[in-house]
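Hello,

Here is the structure I promised to pass on to you. Could you look through it alongside my notes below?

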Amino acid sequence: MRSSRLLVGVTATALLGALATGWLVDHAPGFAQGASAGGPPFDLADQQVIGEGAQLFRQTCTGYCHGKDGGPSRAPKLRASKLDRTYIYTRITKGSPNGMPAFETVMSRENIWKLTAYVLSLAKAEDK
Amino acid sequence: MRTMTSRLTTLTAVFLIASALLTCVAHAQSTGASRLTSDDPNNWPMYHRSYDSYRYSPLAQINRTNVKDLQVAWVHQSGVVIQGLEATPLVIDGVMYYIASNNRVFALDGATGKEIWHYYTKLDPVVTTLFFQPYNRGLAAGQGNVYFGTLDGRVIALDMKTGKEKWVTTLLDTKKCSCNFTGAPLVVKDKVILGQTAGELPIQGKIFAVKATDGSKAWEFNTIKNDPKSWGGESGKFGGGGGWMTGSYDPALNLVYWGTANPAPDYDWGGARPGDNLYTSSVIALDPDTGQLKWYYQEIPHDDWDYDSGLGESLVLDRDGKKLLVHQNKSGFVFVMDRTNGKLQNVWPMTHTYNFVKTIDPKTGELIERNPPREVGKPKFICPWIAGGRSWNSGSYSPKSKLWYNTAMEVCEEVTVEKQTPVTEPAAGLFFGGDQVAKHPIGGEAYGHLDARDPVTGERKWTVHYKYPPIGSVLSTAGDLVFHGDLEGVVRAYDGDSGAELWNFRTGSGHRGGPISYSVNGKQYIAIPSGLGSLVLGLYPALWPEVEHFPAGSAVFVFTLK
């Protein structure tokens with residue numbers, strides 16, 4: 001009984017820790033938060049998903065807006081930005097009052113998650 | 001005697017009443033179409049000031065002797081700085097009209113800047129999903145109205161005196177096409193002519209005319225020719241084009257000249273759109289009454305680089321008995337045509353940094369040794385960059401000095417072509433077929449310049465260099481002055497003959513719009529729209545990281561003599 005309570009406590013602490021560090025938010029399929037209701041239908045760290053997101057990025061987030069590979073532009077730089085997935089998903093979905101288009105009605109939820117996966121990979125990448 | 005005096009008094013009264021009535025009639029007509037062809041030096045009644053697209057003011061009160069005494073008369077803030085201030089204001093009979101981001105329209109007292117009215121339209125929320133937004137480049141005027149195309153595909157007429165809506169016509173299904181209007185219309189006789197955005201979209205771009213009095217559609221011209229030789233397979237369905245900037249007009253020939261945009265996808269991986277892709281990247285001459293095509297000249301057959309023809313001015317110029325049209329393509333090459341039939345007279349380059357061709361034959365217009373980016377996934381070094389040898393901003397031609405004052409950009413890029421399937425559901429998605437990043441030219445730093453040149457031969461008289469390639473339009477005046485604002489927010493007046501800097505003022509944000517000059521109650525003014533940004537500005541930080549932090553703005557600065 002006691003060990004059982006301890007296990008629950010340890011699990012809860014680990015869960016809170018994972019939330020605090022953002023690990024769970026960034027990796028777990030199905031983890032829902034805010035505008036990302038329902039969560040991603042795949043692992044955002046999956047290289048194939050990131051690759052498909054990169055292609056979508058090149059086709060929709062051209063150098064006019066975000067820089068190539070998330071490099072410098074007038075829009076916020078995405079490389080080494082430490083943005084979390086909820087922020088990224090929400091921003092792609094709803095756009096921003098500073099002029100970023102909202103993709104909610106013109107792109108499927110799955111594709112927005114692929115874009116999120118790619119931008120998340122940029123956010124964690126080294127600056128260059 | 002008394003009777004005589006009485007008769008004289010009566011006659012005088014009749015004369016005065018008649019004069020007053022005539023004045024009233026003249027005033028009522030003052031915003032009509034007839035006024036647009038007259039050359040009242042006090043006004044700036046259309047986007048390029050005159051149908052010949054000179055952007056030249058005949059006013060000379062401010063000249064090279066006294067320009068040093070210019071001071072701020074007033075400033076007007078539009079209130080929305082997103083994408084800056086890209087417009088060229090109009091001034092008619094002492095009232096300034098201009099449009100800012102989110103289609104905010106203002107009428108201001110030209111002498112004091114005091115607001116007479118403003119009009120903020122309610123935009124469809126679809127606008128927030130678009131690539132081309134929320135900027136607008138200008139208004140048109142005529143028939144007592146001001147006209148503009150909206151970000152959600154409408155054309156609106158406002159009463160010039162009150163700012164009240166006269167009519168609204170929806171021309172585009174923006175929810176479906178993701179296309180809209182961002183350029184200033186052109187009023188020709190009883191019609192308002194304007195072109196849509198389409199060059200980066202898998203749609204067919206058109207140029208429209210609506211009746212100035214009630215907004216009913218008069219005609220439309222499809223810039224995608226229905227011809228399987230010109231568009232192989234299904235490619236024409238997604239061909240892009242359109243005509244997003246403002247054309248010129250020759251009343252004597254009754255022809256409207258309009259530059260068309262690039263085909264979609266911007267880059268062709270080989271077989272994306274077989275054929276020459278008419279009428280994209282072309283200059284077309286249309287009958288303004290019917291929209292019928294009279295002639296065309298395709299500057300970039302099968303455009304492989306996004307080198308639009310849909311930008312800047314088309315100079316209507318007579319020289320040595322020839323009726324010429326001078327038009328700059330985004331590639332940086334200037335095409336000189338016979339405007340009666342479109343036959344090529346000359347081609348010359350505004351820039352010296354280009355490798356997309358070895359050259360363009362000045363007699364035939366052939367693109368010699370084309371260098372297209374075609375290999376999928378392999379970056380290719382191309383000059384000029386996608387922003388062009390010049391962007392959509394306009395130069396200015398002075399009939400006094402016979403010089404064309406025009407800007408240029410010496411910048412390259414690395415293009416990576418990628419196969420792309422056009423997306424049309426639920427709405428048209430961007431259709432670039434690749435991406436790009438700015439690069440310095442081989443062996444040197446990228447830069448920009450303002451030149452004074454002969455518009456027909458390209459002979460250069462003087463040049464001013466800028467670290468950051470400029471994207472603002474140019475104004476020349478009969479006072480032998482040239483005004484131009486740079487990317488860092490400094491507007492300068494140059495001596496039109498020598499290029500010597502005579503005056504400058506820091507407005508605090510860079511320049512993308514069109515400077516103008518006008519006069520109210522005998523006093524000349526210079527109006528300078530100030531405020532970054534612009535889509536192309538997003539390309540700069542790859543070469544100049546500090547540009548990311550150049551402040552946005554949206555204000556009209558108006559100057560006059562002390």
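Leu122(A) has contacts with Gly70(A), Leu78(A) and Arg79(A), once neighbours within four places in sequence are set aside; a contact here is a pair of residues whose C-beta atoms, placed from the backbone, lie within 7 Å. Leu122(A) belongs to helix 5 of chain A, where helices (H or I, at least four residues) and strands (E, at least two) are DSSP runs numbered from the N terminus. Leu122(A) counts as buried because it has 22 C-beta neighbours inside 10 Å. By that term I mean 20 or more other C-beta atoms within 10 Å of a residue's own, against 12 or fewer for exposed and anything in between for partly exposed, with C-beta atoms placed from the backbone. Between Leu122(A) and Ser73(A) there are 49 residues in sequence and 14 Å in space, C-alpha to C-alpha.

Before going further, please note that this is a predicted model, in which local features need pLDDT of at least 70 and side-chain atom pairs count only at pLDDT 80 or more, while totals for chains, interfaces and linings use all residues. Residues are numbered from 1 along each chain as its sequence is written, and chains are lettered from A and ligands numbered from 1 in the order in which they are written.

On confidence, the model scores ipTM 0.81 and pTM 0.90. Chain A has a mean pLDDT of 76, with 70% of its residues at 70 or more; pLDDT is the predictor's confidence in each residue, from 0 to 100. Within chain A, helix 5 has the highest mean pLDDT of the elements (95) and helix 1 (residues 2-21) the lowest (39). Residues 1-36 of chain A stay under 50, and the model gives them 37 contacts beyond four places in sequence. For chain B the mean pLDDT is 93, and 93% of residues reach 70 or more. Residues 1-34 of chain B are the stretch to watch, with pLDDT below 50 and 18 contacts beyond near neighbours in sequence. Where pLDDT is low, the predicted coordinates should not be read in detail.

Now the chains themselves. Chain A has five helices and zero strands, and 35% of its 128 residues count as buried. Of the contacts in chain A with a separation of 6 or more, 56% are between residues 24 or more positions apart. Helix 3 (residues 47-60) of chain A has 14 residues and reaches 20 Å from first C-alpha to last, close to the 20 Å expected at 1.5 Å a residue; that expected span is 1.5 Å times one less than the number of residues. Its buried residues include Val49(A), Ile50(A), Leu56(A) and Phe57(A). What do the buried residues of helix 3 of chain A pack against? They pack against helix 5 of chain A together with strand 30 (434-439) of chain B.

Chain B has three helices and 39 strands, and 59% of its 562 residues are buried. The C-alpha trace of chain B spans about 100 × 50 × 50 Å along its principal axes.

Where the chains meet, 22 residues of chain A are in contact with 27 residues of chain B. The chain A side has eight nonpolar, eleven polar and three charged residues. For these classes, Ala, Val, Leu, Ile, Met, Phe, Trp, Tyr, Cys and Pro count as nonpolar, Asp, Glu, Lys and Arg as charged, and the others, Gly among them, as polar.

A few backbone details in chain B may interest you. The peptide bond from Gln133(B) to Pro134(B) is cis, with omega near -5°, and Pro134(B) is in the loop between strand 6 (115-120) and strand 7 (140-142). Another cis peptide bond joins Cys383(B) and Pro384(B), with omega about -5°. Arg55(B) is not a glycine, yet has a positive phi of about 55°; Arg55(B) is buried, with 28 other C-beta atoms within 10 Å. Ser281(B) also has a positive phi, near 45°, and is buried with 32 other C-beta atoms within 10 Å.

Best wishes

Definitions and conventions:
Two residues are in contact if their C-beta atoms, placed from the backbone, lie within 7 Å.
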